[in-house]
Amino acid sequence: MADIHNKYDCIRLGNQLCFPLYACAKEVVRQYRKPLEALGLTYTQYVVMMVLWEHGAMTEGELGKLVHLDSGTLAPLLKRLEKQGMINRTRPDDNERKLLISLTEQGEALKEKAVNVPPSMHSCIDLDQDELIQLKKLLDKALMRMEEEK
């Protein structure tokens, strides 16, 4: 971010941290499209599936917290995954208000294809390994601090 010399410098696009974060995230998601086509998933669906592959069944609320999506965004996405045969959405008998999300056999099997996605994305951001590790650490730290402020 550039030095601010007058009151209008704070609203110059080149002085914003948010814009390169936004543009970079948008470009990375765009580059995921091709490898995710083979899985039949969008980027956001892929993120949800990664969480389910890692953690197993959980409630819609727990899933939403982990992927930073509210119910209004997550619910239609989960309905599409269910329609594709990737997940089951069930309500436990003891609590009709909760929605349990679990992988189907087909969803679990997709994990084998998904392991090919990260290597195909390796060159997406042209930074060396140490720079990528540092960037990840800084973004994790920033996200953690923003979550603490909620």
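The model is predicted, so local features need pLDDT of at least 70 and side-chain atom pairs count only at pLDDT 80 or more, while totals for chains, interfaces and linings use all residues. Residues are numbered from 1 along each chain as its sequence is written, and side-chain values use heavy atoms, with hydrogens and water left out.

Me: Why is H3 called roughly perpendicular to H4?
Reply: The axes of H3 and helix H4 (residues 71–83) come within 10 Å and cross at roughly 110°. Angles of 65 to 115 degrees count as roughly perpendicular (under 35 is roughly parallel, over 145 roughly antiparallel, the rest oblique). H3 is therefore roughly perpendicular to H4.

Me: Which residues of H3 and H4 meet?
Reply: Contact means heavy atoms within 4.5 Å. Glu-60, Leu-63 and Gly-64 in H3 meet Ser-71, Leu-74, Ala-75 and Leu-78 in H4.

Me: What classes make up the contact of H3 with H4?
Reply: Ala, Val, Leu, Ile, Met, Phe, Trp, Tyr, Cys and Pro count as nonpolar, Asp, Glu, Lys and Arg as charged, and the others, Gly among them, as polar. The contact residues divide into four nonpolar, two polar and one charged.

Me: What lines the largest pocket?
Reply: Lining residues have an atom within 4 Å of a pocket point. The lining has 36 residues, with Ala-25, Val-28, Tyr-43, Lys-136 and Leu-139 nearest the centre of the pocket. H7 gives the most, with twelve residues. By class, the lining has 30 nonpolar, three polar and three charged residues.

Key: 1 Å grid on protein atoms, 1.4 Å probe; cavity = no way out; pocket = protein on both sides within 12 Å on 5 of 7 lines; lining within 4 Å. Helix = DSSP H or I, 4+ residues; strand = E, 2+ residues; numbered from the N terminus. Axes fitted to C-alpha atoms, helices over the stretch in contact; angles between N-to-C directions.
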